[in-house]
Amino acid sequence: MRIDIITILPKLLEGPFADSILKRAQDKGLVEIHVHDLRTYSEDKHKRVDDYAYGGGAGMVMRIEPIYACIEYLQSERNYDEVIFMTPDGELLNQGLCNQLSSLKNLIILCGHYKGVDERVRTHLITREISIGDYVLSGGELGAAVLTDSIVRLLPGVLNDETSALSDSFQDDLLAPPVFTRPEEFKGWTVPPILLSGHEAKIDEWRHEQSVSRTKERRPHLLEPKGKMQQ
Ligand code: ADE
């Protein structure tokens with residue numbers, strides 16, 4: 001898989017991909033992540049990528065020309081399955097969407113800034129708009145990092161134990177059950193005895209019950225029949 005991220009703040013995206021699972025995935029050749037500085041596509045002598053909004057009002061708007069130039073260059077090199085725009089008014093990211101996107105080959109992610117981007121970018125260049133939650137970030141970069149992480153960890157071979165992505169919260173619309181490790185007792189706080197019993201079937205049953213009760217308590221909507229809210 002290949003992910004190209006377009007941003008005016010490339011430095012913000014150095015950290016999230018330089019360590020741990022995402023770094024290993026790149027080292028193993030399972031994913032290529034390329035970060036593109038939008039300013040290098042600006043024809044403006046000051047490398048500006050924003051301008052005042054037509055009709056007035058506070059806040060600058062990202063211009064279409066450098067975004068078009070960058071996307072056009074990338075698309076001349078290969079085909080992309082989706083051109084995603086990170087924006088708080090996009091489709092809400094959930095595990096189902098991560099699963100869908102992880103089966104694709106090439107993705108472009110555009111990070112928004114200022115008051116937004118010229119609407120013509122959204123109308124003509126973007127194929128999908130994604131939000132990571134109903135709150136507003138300073139820009140799309142942290143959202144792009146979240147989206148990239150949540151997709152890449154699902155790629156075959158990225159996690160050491162392939163089953164561990166399958167047992168993640170949300171994979172079967174259930175939250176994950178609680179887990180414990182040594183010591184068996186700490187300050188009088190003990191591990192549920194069933195986990196020490198060695199009885200595999202009973203442990204599986206206990207974990208499932210815990211998942212269901214945790215989901216009922218914390219995300220009851222996941223247990224409702226699939227309706228308009230979920231895909
Ligand atoms: N940019 C600003 N806020 C955002 C959000 N919640 N999700 C994705 N991109 C954003």
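## Aromatic pairs

Rings of Phe, Tyr and Trp, the last represented by its six-membered ring, form a pair if their centres lie within 6.5 Å. In this predicted model, a search of the whole structure finds two aromatic pairs.

One of them involves Tyr 41 and Tyr 73, whose ring centres are 6.4 Å apart and whose planes meet at 35°. Planes under 30 degrees apart count as stacked and those over 60 as edge-to-face, so the pair of Tyr 41 and Tyr 73 is tilted. Tyr 41 belongs to the loop between β2 and β3 (50–52), while Tyr 73 belongs to helix α2 (residues 64–77); the pair therefore ties together parts that are 32 residues apart in sequence. With a relative accessible area of 41%, Tyr 73 is partly exposed.

Phe 186 and Trp 189 also form a tilted aromatic pair, with 5.9 Å from centre to centre and 55° between the planes. Phe 186 has a relative accessible area of 44% and is partly exposed. For Trp 189 the relative accessible area is 60%; exposed means over 50%, so this residue is exposed.

## The sheet

Five strands make up an open sheet, arranged in the order β2-β1-β6-β5-β7, and their pairing is parallel. The strands at the edges are β2 (32–37) and β7 (128–131), each of which pairs on one side only. From one strand to the next, the twist averages 30°.

Strand β1 (residues 2–7) runs parallel to β2, and six bridges join the two. Thr 7 has Asp 37 in β2 as its bridge partner.

Notes:
Residues numbered from 1 in each chain as written. Predicted model: local features only at pLDDT ≥ 70, side-chain atom pairs only at ≥ 80, totals over all residues. Heavy atoms only, no water. Pairing = 2+ DSSP bridges. Helix = DSSP H or I, 4+ residues; strand = E, 2+ residues; numbered from the N terminus. Axes fitted to C-alpha atoms, helices over the stretch in contact; angles between N-to-C directions. Buried < 20%, exposed > 50% of the residue type's maximum accessible area, 1.4 Å probe, protein only.
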